[in-house]
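Hi,

Here is the structure I promised to pass on. Have a look at it first, and then read my notes below.

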Amino acid sequence: MSEILRLEKVSKAFGGIKAVNDVSFGLKEGQIVALIGPNGAGKTTLVNLITGVLPLTEGKVFFAGEEVTRQKAFQAARRGLARTFQIVQPFPEMSVMENVAAGALFGGELGSRREAEAEARRELAFVGLDRLADSPASSLTLPGRKRLELAKSLAMKPKVLLLDEVNAGLNTAEIDGALTLIRKIAERGVTILLIEHLMKVVLSISERILVLHHGELIAEGAPRAVLEDERVVEAYLGAKFAARMRKEGLHV
Ligand code: ATP
């Protein structure tokens, strides 16, 4: 498996705050990797750096072997680096289909509006929203808006997809549905970096875990090893969780 994405010593400062500090890691093609860490650890900032939404203060980003450190967001999308947003904000007055078509056009491969709309309908069927394609986006419930966000990023034909808390606010059944969908996306050959707070989700889906704390990557590796790492327990999971994990045999 070759590496599709690599970060080398990436940092981002906001004034005096180092939101991301000297972070290096790689993603292998086809992997599902979870990025975890406490609130304010720098996870969303890292996604913004990878996708050209924010400029890096230091470091380098490589995508498919090419240096893309200074790319803009539209260039990242065109290369095949797509992301979802933590706070889902579709254009409310546009239909569900039009929102996805806008994503397809931003991704840049499709020339005409008609092609973009056809692509949008295909992705809406994939995420199970085809029946609502012509409804206004404002009529969607939260799980629907999350699926719309996924369809929109898929319409960009990503090679790497960065998912920022796609399960937040969903109930257990909705999360199970979202996990099935994420696995189906990975089966299409898309490499996935998943920002996630729910440990159950992290354990059930990821092959590797990266842990950020105060902007630094404090651990990375196989789920079991990472969740038993003392620094991770101390910084993020808490002693109570670690004890429960051992007691309930919540190993992976
Ligand atoms: P959460 O889990 O709460 O979403 P996070 O791990 O995604 O948190 P970030 O949102 O990346 O964390 O924030 C990392 C740090 O950078 C925080 O201290 C935050 O206040 C700060 N920060 C993020 N964006 C900006 C900005 N645009 N200007 C100034 N500081 C920022």
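A quick word on naming: helices (H or I, at least four residues) and strands (E, at least two) are DSSP runs, numbered from the N terminus. Keep in mind that this is a predicted model, where local features need pLDDT of at least 70, side-chain atom pairs count only at pLDDT 80 or more, and totals for chains, interfaces and linings use all residues. Residues are numbered from 1 along each chain as its sequence is written, and side-chain values use heavy atoms, with hydrogens and water left out.

Let's start with helix 1. Helix 1 itself is mostly covered, as seven of its eight residues are buried (buried means under 20% relative accessible area, exposed over 50%, partly exposed in between, with a 1.4 Å probe and protein chains only). Those buried residues are K43, T45, L46, V47, N48, L49 and I50.

Six strands make an open, mixed sheet in the order 6-7-8-3-9-10 (two strands pair if DSSP finds at least two bridges between them). Strand 6 (81-83) and strand 10 (216-221) are the edges, each pairing on one side only. Strand 6 runs parallel to strand 7 (residues 160-164), with three bridges, and L81 sits opposite V160 of strand 7. Helix 1 (residues 43-50) packs on this sheet, touching strand 3 (32-36), strand 6, strand 7, strand 8 (191-195) and strand 9 (208-213) (contact means heavy atoms within 4.5 Å).

There is also a hairpin. Strand 1 (residues 3-14) and strand 2 (residues 17-28) pair antiparallel over eight bridges, and A13 stands opposite K18 in strand 2. Two residues lie between these strands, and G15 has a positive phi near 60°.

Finally, the cores (a nonpolar core is a set of buried Ala, Val, Leu, Ile, Met, Phe, Trp, Tyr and Cys residues joined through side-chain atoms within 4.5 Å). The largest has 38 residues, of which L124, L161, L163, I182, I192 and L194 touch the most other members. Helix 6 (172-187) is among the elements that each supply at least two residues, and its seven are the largest share. Domain 1 (1-80 + 158-224) and domain 2 (88-157) both contribute, so this core lies between them (the domain bounds come from an automatic or database domain assignment). A second, separate core of 27 residues includes V20, F25, V47 and L49.

Cheers

Notes
Axes are lines fitted to C-alpha atoms, for helices over the stretch in contact, and angles run from 0 to 180 degrees between N-to-C directions.
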